[in-house]
Structure formats: structure tokens, C-alpha cells
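Trainee: I should like to work through this structure with you, one question at a time. May we begin with the terms we shall need?

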Amino acid sequence: KTTVGNTEAATPPTFSISCECVRKGMSVLRWLVRRAPLGRSLTLVGHRRTDLLRYIARHACCAVGLRSDSGVCDCRRLAGVSPRFHSCFADWSYANGTPKRKGVIHVFEKSLQNYCAGVQVNSFSRISNSTDPQLKNIRDKRPDTVGVDLSLDYGPNPTIPQRLIQNVPKTLRGYLQLMRLDRPIGSWLLFWPCGWSIALAAPPGCLPDFSMLALFAFGTLVMRGAGCTINDMWDRDYDSKVTRTAGRPLASGTLSMFDALVCLGTQLSLGCLVLLQLNWYAVLLGASSLGLVVLYPLMKRVTYWPQLMLGFTFNWGALLGWSAVHGSCDWNVCLPLYTAGIAWTLIYDTIYAHQDKYDDVIIGIKSTALKFGETTWMWLSGFGILMTSGLLLTGYSAHLAWPYYLAVTATAAHIAKQVWTLDINNPSDCGQKFRANRHIGLLLFAGIIGGTLLKSRHTSTDNPEDNPGTPKTSQNN
């Protein structure tokens, strides 16, 4: 209280207690995410029945305090990985990975569950639903996050698409943000496998069909927006609890579920119109990918490999582009390209997932970032080797010339640099590395065009079967 004249006025409560509570909680969470998984999910080796809360409880003495920043807790360093030898609970006896002395564990579980239930991270990083009476005034005075505008998160230097979104009427802004038109990196990543496939399908010595490229560019823009809409409809409750996604139109309340459904129907109708411009083989092949689009947002709830499902979905254009030109797939060319694209998606989306891993642990979302943990660089290196091998096999099967292999070499170097310099605990660095992957798509696209233009000098044009890029119409002639 402060005295003003002869009256006493209540001063707003300080953040000292709440910030200390959050600091300790994040100390436990940081230790858990960085040290506990060790590439084996969030469970103990040999103790698969141990759940997340019990794990935190067992290691509370190691996680809270100065030792939480040492890399490995003293118990683990001295006694190995087995939890039954950790000195912090050496007097407990175990049965199926669960301590028999349950009283302390259950108290800690209940406390932690209440804490997590009472905290919701929003775009202002405030405690929004805490029942702590000391935070009541803070909670009541916080700015309302309902209807928050994503343009507030663009920073001091918004990109050109973000400036365009800021200048459109407010009634349309939410729909454009729902389609992610202000963040076009996803559209680029979806388009490049299509562009690669179309360029590979071009006849030797010829440029790719630019009208087909334009059609696919519009289609990827629309279908990426539809996929983001479906994702936000599934995840609107989760998005409101994650700092980076709390301002999305559905999570913030800018748009309703009915608004999103109308927007989704419009986008799917436009996508259907684009698909009907292709041959029937391509139409059926493209329509079969819709199931992947719908199921992908659910994978993060049931498996630590949702990025693999995203790879199947995002690289479907590697099959569709070739079939749109030739009326069928040449699996000798398309399948290695599709595999390389999946490996590429596992690389960039694992990097992307590291931005939200702390929030993902709190709300129970799974990802390869949590699965791999500190061994992420090893997994990404393996995916890079798989991607490079698939690209080399694609070039060999399509009889591409040396510019393509030069582009593959540059791509492998780009991936190696990303993996070598990646800081998985720095969200800003992860975001930059993720966005840099659009340059990989352009590099490979240029290499395929160059390799196709020079392909006639290295392959015989007398036998059309030796040239997978020769359209069927020219074979009939």
C-alpha cells in the first residue's frame, strides 16, 4: 500500500512471485526437453510405463537448481541411465517403472496438473487463467486477446506480403491470414516438388511448360491455404496455448468456425477447378491426396512422426506434375524424387518444430523435434544423405546432364551447412534455417532446367524409351 495524503491506496501486485514460479517451472521444462528424451521420446529407458509427470517428479531435485544447466544431472552422470540408481530417489523401490512410495509423487502430480491447467500462454505471454489470488488483479487487467490481429506480430520490418495484408480491409484480413497468404514460405515448399516434376517431364533441349507451371502455382497457393484452414480448425484449442500461434484467426476469435468452413469450401472449389484442367489420371491422383491433407493435423496427437505424414502430403506434386504432362507416372523417375522430397520435408519441418517444443510438451503435442532431442543433427544428417541419394537416382533415371548434378552438389552443401550451424534451442535461428529451404527448391529447379536443356547432347533421341522426358505424343509421331 502507498499513502497519498491521508488515504491509503492499493498498488498493483508485482510480478516477483509469479515470475519466480514461471522461472522454476521453465527450468524444469527446459531440462526435460533438452536432456530427458535422448532420442527416445519422453520416456525412460526400460521404463516405458513411466508418464511425463512422474518423470518430472523423479528428477525434480536434479532439474531445479544450478545443476539444471549442467547438461546432465549428477545422478545420471554418476550412476548411468537407469532411474532405479538415481540418488535423488535411491530409497524408492520400483515395480514396473512406478515407485511404491506414491505419496510424494501424487502430491507433485496434482500440483503440476493444477499449475498446467491454470496457465495458458497467449500472444502476450501472460498468465491468463491462473487461480492464484495474487495474480487475480493482473489477470483481470491484462489486454483481451480475443480478436488479436496477426499484423501485430510482423515486427518492425514486415515483408511485402505482410504489408499487403495490412492494407486490405479488416473484414478480409482474417481470411487472408487463415490462408497464410502473409507467410508464403509454405506455398513455396509445396510448389517446388511440382515444379521439379514438371521440369523433369519436359522434352530434351526444351524448357518446361510455363502454362502448366502457372496452373500448378495457383493450385498450390489455393491448396496450401485449404490445408492451413483444416489444420487451424483441428488445432484451434491448441493454438491458443502456444505463443507463436495464439494470434491465428480461429485461435484468437477473429473468425468463427463457420467462417473457416465457408473459406475452406471456397478454396476446395477453386482447387477442384484447377484439377479438372488436367487429364483424368492426374485428376484421380490429385484427388487421392485429399485424405492426407485431412489426416495430417491429427498425426501430431498420436505419433512423434507427424513430419513424415507432412512429407507424404507436401511432396505429392512430385507424382502429380509428371502425370499432368504425360498422362501417367514414370516410377523410375518420380518415386526417387518423391522419396527425396519426403526426406527434405523431414529436415525443414523438424527444424521448424524446434521453435515450439517447449509449448508442445505442455499441451501434449508430439513432433520429431521432441523425438530426436539433442540427437537432431544425426537424424537430419541421415535425412540429408537420403535426399541426396534420391536426387542422384532421379537424375540418373531421367538422363540429366551435368548442370543438374552441380545443383545437387550445391543442395547437399546447403543442407550440410544448415545441420552444422543449427541451434535447436534458438527459435530465431530455427525460423531462419526453415525459411532458407525455399532457396533449395529454386536451386534444384534451375539445375533440372539446365540438365534438361543439355540432355540432348548426352542421350540419343532415336529411341524415345531412352528419354523419359519425351512426351507420348511425340513417340506416336
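Mentor: A residue is called buried when its relative accessible area is under 20%. By that cut-off, K300 is buried, and D235 is buried as well. Please keep in mind throughout that this is a predicted model.

Trainee: What percentage of the 477 residues in the protein is buried?

Mentor: The protein has 24 helices and four strands. Of the contacts with a separation of 6 or more, 71% are between residues 24 or more positions apart. Across the 477 residues, the buried share is 49%.

Trainee: How many disulfides does a search of the whole structure find?

Mentor: A disulfide requires two cysteine sulfur atoms within 2.5 Å. Among the cysteines, C206 is partly exposed, with a relative accessible area of 34%, whereas C228 counts as buried at 12%. For disulfides, the search of the whole structure returns zero.

Trainee: Where does R248 lie, and which residues join it in one network of salt bridges?

Mentor: R248 meets D232 in a salt bridge at 3.6 Å, N to O. This pair links distant parts of the chain, since R248 sits in the loop between α10 (210-239) and α11 (249-252), while D232 is in helix α10, 16 residues apart. R248 also forms a salt bridge with D239, with the closest N and O atoms 3.6 Å apart, and both of these residues are buried. Through shared partners, R248 is joined into one network with R180, D232 and D239.

Trainee: How far apart are the end C-alpha atoms of residues 376-396?

Mentor: The UniProt annotation "transmembrane region", from an unreviewed entry, covers residues 185-204, 250-268, 280-299 and 376-396. Over residues 250-268, the chain is 79% helix and 0% strand, with end C-alpha atoms 19 Å apart. Residues 376-396 are 100% helix and 0% strand, and their end C-alpha atoms are separated by 30 Å.

Trainee: Why do the buried residues of α21 line one face of the helix?

Mentor: The 20 residues of α21 (residues 402-421) should span 28 Å at 1.5 Å a residue, which agrees with end C-alpha atoms 29 Å apart. In general, an α-helix has 3.6 residues a turn, so residues three or four places apart point the same way. The buried residues of α21 are P403, Y404, A407, V408, T411, I415, Q418 and V419. Seen down the axis of α21, they line one face because they fall within an arc of 150 degrees.

Trainee: Which helices are included in what covers the buried residues of α21?

Mentor: On the other side of α21, W402, L406, T409, K417 and W420 are exposed. The cover over the buried residues of α21 includes α17 (331-353), α20 (376-398), α22 (427-435) and α23 (437-453).

Terms used:
Residues numbered from 1 in each chain as written. Predicted model: local features only at pLDDT ≥ 70, side-chain atom pairs only at ≥ 80, totals over all residues. Heavy atoms only, no water. Buried < 20%, exposed > 50% of the residue type's maximum accessible area, 1.4 Å probe, protein only. UniProt positions renumbered as here; feature names shortened; annotations may be inferred. Helix = DSSP H or I, 4+ residues; strand = E, 2+ residues; numbered from the N terminus. Salt bridge = Lys/Arg side-chain N within 4 Å of Asp/Glu carboxyl O. Expected span 1.5 Å × (residues − 1). Arc of directions from axis to C-beta. Contact = heavy atoms within 4.5 Å.
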